[in-house]
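Work through these exercises with the model open beside you. Try each task before you read its solution.

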Amino acid sequence: MQINIKYLSSKWLIPFLLIALLVTISINFHYLVFHTFAEYFAVFVSIGISLISYHTYPLTNNRYLLFIGLGYLWIALLQMLHTQTYLGMPFYGIESSDVSITFWIFSRIFEALILLVAPFMRYVEYKSYKVTILFSIITTIIIIISMNFPPKLFIVGEGLTDLKIGLEYFIIALLLLTLYVNKLHKSEFTSVVYQAMKYAIGLTILAEISFTFYSNVYDYMNVVGHTFKFLSFWILLQAIIKTSLEDPISLMRKSATTYEVIPYPSIIVDRSGIIRQVNRAACTSLNKDEADIVGMRNHDMFHPKSIKEELCPICQSIIDNEELEDCVLGNKELGTVTQYALSPIHTTEDKINGMVQVSIDMTHTLLLEKSLLNQYKLLQNIIDTVPVRIFWKDENGIYLGANNLFVKDAKLNSLNQLIGKSENDLVWEKEEIERHIKDDEDIINSGESKIQYEETRKNKNAETTYLSSSKVPLKDDSGQIIGVVGSYEDITKRKNLEYKLEKQQEILRYQAHYDVLTHLPNRVLLQDRLIQAIHKAKRSKSEFALLFIDLDQFKQINDTLGHQVGDEVLKIFASRLKNSIREDDTLARIGGDEFTIILENLKSLEDASTLAQKIIENAKQPIDIAGHLLYVSSSMGISIYPKDSTEMQDLLKYSDSAMYKAKEEGRNNFQFYSPEMTQIAMSRVVMQNDLRSAIKNEEFVVYYQPQIDISSEKETLVGLEALVRWEHPQLGQIPPFQFIPMAEETGMIVELDKLVMKMAITQVAAWYKEGLNPGVLSLNLAMKQLHQDDFIPTIKKIIEESGGIEKKHLSFEITEGDLMINPESSIEKLNMLKELGIETAIDDFGTGYSSLSYLKRLPIGKLKIDQSFSRGVPNDRDDVVISKTIIALAKNLNMKVIAEGVETQEQKDFMYENGCYEIQGYFYSKPLRADEAREFILKYQQ
């Protein structure tokens, strides 16, 4: 191998310049100056060699360079003492040149011995500090001898002594021996280190030869010798820099980001076969640390021991810088097979600077390949023995293989008769063939499997055979669909058995969860439904009621008329209960004459009390059984979730307790578990009954509240709002907020609205006939009334029966919140009112979150500012902003606007100043009876 002269030549500029400088100094000045500079340059180079080799050792793991570096540190010290004691130097006052020459001779012998021993230290495990101590002892001995017992090596006027010349030739002999040893160990060096050492030692030999010819310590041969010596030091330094710093860093930079992620053992090896870097996988495979691998020979660590290195194809490829792929070597000792690959690493000059070696253990793979053939034969045997029909075909529907059972089903004698055929070549029915072909196409086109789907097949006796079939896409190694794999088995017997078992299980499930007599859920199913109701109510934070119902005196019916009649009574009563509840509610018979109802999504206690009262009334209806007219009653207890409890057993227990309390109260009634709830519910029931009677008996009075136009100095009456009051015969006058919500909940609001409309329209029509001008009559309209199918005909009929009133004198007010519940339906009905010529206003505007997109579509003529905003102006900032916004909105939508609830002059002034010119409120008048309203109308007409 040739030394990289290009690399070294690029480093020659500095030493040649230094040499030129030093020669110039020796010619123009005293030789002593040249000698001092030359020796100190050598000292600095020696120290550089020492520091670089020591500090880069963890990177190179090169014990050869480390040993040399440790030695050159002490050689630098001896050279410095040689320089300081040189004849003419002023430091020690030495008159003889023997001291300096002794330092020179011993330091050269020391250096030659270090270079000679270094190759043998390549594989020796040694500690740096121990070598340093040894070298320090040797150096100390040399210093003592040189300073105190220097031999006679130079005689002034005569020149060098024979001892001096003999020692020089001894040094030359040691260096020649070193060259020979290095050559023997050539394969253990990198090419750069080996060539550099060869040239460095050669220059050192020339230097030593030069030092045998001078007769004066300032002789020119000294200049020549020091020049050769300096050059040898420089070559050695450059080789160490390249080997210890540049090459490892270059290798790391080129490979660290790539080969470390390779999951296989990967190393970087130089051209001499020395390992420079390893990845984690390589350390793991060898079970060694990186420091124990780097610097070792690649062949010794990774290649079979049975192959000599010079015969190893991988090592030869590294030497020849050849890329290598799929090189498989067997290791007989370990019983393994490894596949190797080599990839060159190029320098910037496109020169190969090393190789990346990747090794893959193929032992397991080869064993797998060997077993695959056996497994294929075994697989075919297994497929032939499984009790399921198996087949596979290509994407064109051509059969590729199957097991014996499928071959027999196809009425064939062997697998060879099947392969190559399609569905149309087999014995299946035409309809079945078409189904199979379609299934295959769907699976190939979609790539989705059909697993365990059932299909039927008719046999020759027209009997149905049930098959459990599966089909999956057949894919190649690249994942491309190339066909279909299918299987099926005859499950006719299993299907028949499953059908019988399912029927039996249905009977058992029904008997376990339902009452045989009434076919209602029993106690077991009730408890399950009750648990579900608790979970549902907990999630939705809602309430539900549990009603516990017991027939009064039912035992007497059984005792006197027999259990058969009693059973009929229970079935009829159960039917009446079922007709009383909603579809989502749960009705159960939990034993004897005891029933329960789970009433979910409870909006108010009135829902439970209303249902309870309904059940009690239905139970009173006579029952005709076998000529017996029977009258029964029921007692009922009610518990509420979560008010009474959140536990299932507690709810059952509390409703049962409330039922017994109902019996104690005389039967034929219901009781809540909480006494105060019972009282509230009973009062609600009483009020509902009274309200129904009040509508029937027309116990209501209409009051009228004036609406004033303040746009001009002369204020005018523009209308009246009709407000209903209930004149209860016992309780006196009841305000609307106490009965209107109940009327809406029970649906009685429809009849109540009709009654109020009839009374108010008749009264206003009479005033107009009398010559009075009450303005527009505003009537509050419930949404349930608006959505009645006969709403428009009803309005027309009331107007006709009232004695005739112009439709322009009528206006309906609908609350904003009600209007937004079903705006699409409301738009349709309000358009019908508009076609009649009747105006519509939105009441309580600003409280119902209207959608502007709907507002502009609604046929609305007026917005009514809610009294909660009117009463806050002008002092409440929020009410001021909202009121102004409503007024501006009305103007932009070409609507009129009226403010209700105006009670003070300040409120009136605010509305006027901001463009709201219609006012309603106590500032002008409270709601008035008809006679009082007539007087008010007369006053404004005057």
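The exercises below go from the whole chain down to single residues.

**Before you start**

This is a predicted model, in which local features need pLDDT of at least 70, side-chain atom pairs count only at pLDDT 80 or more, and totals for chains, interfaces and linings use all residues. Residues are numbered from 1 along each chain as its sequence is written, and side-chain values use heavy atoms, with hydrogens and water left out.

**Exercise 1. The whole chain**

Task: Find how many helices and strands the protein chain has, and what share of its residues count as buried.

Solution: 
- Start with the elements. The protein chain has 36 helices and 28 strands. Helices (H or I, at least four residues) and strands (E, at least two) are DSSP runs, numbered from the N terminus.
- Turn to burial. Of the 942 residues, 49% count as buried. Buried means under 20% relative accessible area, exposed over 50%, and partly exposed in between, with a 1.4 Å probe and protein chains only.
- Now take contacts, meaning heavy atoms within 4.5 Å. Among those between residues at least 6 apart in sequence, 62% join residues at least 24 apart.

**Exercise 2. The cores**

Task: Which residues of the largest nonpolar core touch the most other members?

Solution: 
- A nonpolar core is a set of buried Ala, Val, Leu, Ile, Met, Phe, Trp, Tyr and Cys residues joined through side-chain atoms within 4.5 Å.
- Pick out the residues. The largest core has 78 residues, and Leu691, Phe700, Tyr704, Leu777, Leu779, Ile865 and Met911 touch the most other members.
- Find the main contributor. Helix H27 (residues 749–770) gives the largest share of this core, 11 residues.
- Look elsewhere. Another core, of 53 residues, lies apart from it, and Ile68, Val99, Ile172 and Leu237 are among its members.

**Exercise 3. A helix pair**

Task: Describe how H5 and H6 are placed by the distance and the angle between their axes.

Solution: 
- Recall the method. Two packed helices are described by the angle between their axes and the distance between the axes.
- Locate the pair. H5 spans residues 63–84 and H6 spans residues 98–117.
- Read the geometry. Their axes come within 9 Å and cross at roughly 170°. Axes are lines fitted to C-alpha atoms, for helices over the stretch in contact, and angles run from 0 to 180 degrees between N-to-C directions.
- Conclude. H5 and H6 are therefore roughly antiparallel to each other, the word used for angles over 145 degrees.
- Inspect the contact. H5 residues including Phe67, Trp74 and Leu78 meet H6 residues including Phe103, Trp104 and Ile114.
- Sort by class. The contact has 14 nonpolar, five polar and two charged residues. Ala, Val, Leu, Ile, Met, Phe, Trp, Tyr, Cys and Pro count as nonpolar, Asp, Glu, Lys and Arg as charged, and the others, Gly among them, as polar.

**Exercise 4. Backbone exceptions**

Solution: 
- Recall the rule. Most residues other than glycine have a negative phi, and most peptide bonds are trans.
- Check proline 642. A cis bond joins tyrosine 641 to proline 642, with omega about 0°. Proline 642 is in the loop between strand E18 (634–641) and helix H24 (648–664).
- Check proline 874. The bond from valine 873 to proline 874 is cis, with omega near 0°. Proline 874 is in the loop between helix H33 (867–870) and helix H34 (877–892).
- Glutamine 452 has a positive phi near 50°. Glutamine 452 lies in strand E10 (residues 450–458) and counts as exposed at 62% relative accessibility.

Conventions
Parallel < 35°, antiparallel > 145°, perpendicular 65-115°, else oblique.
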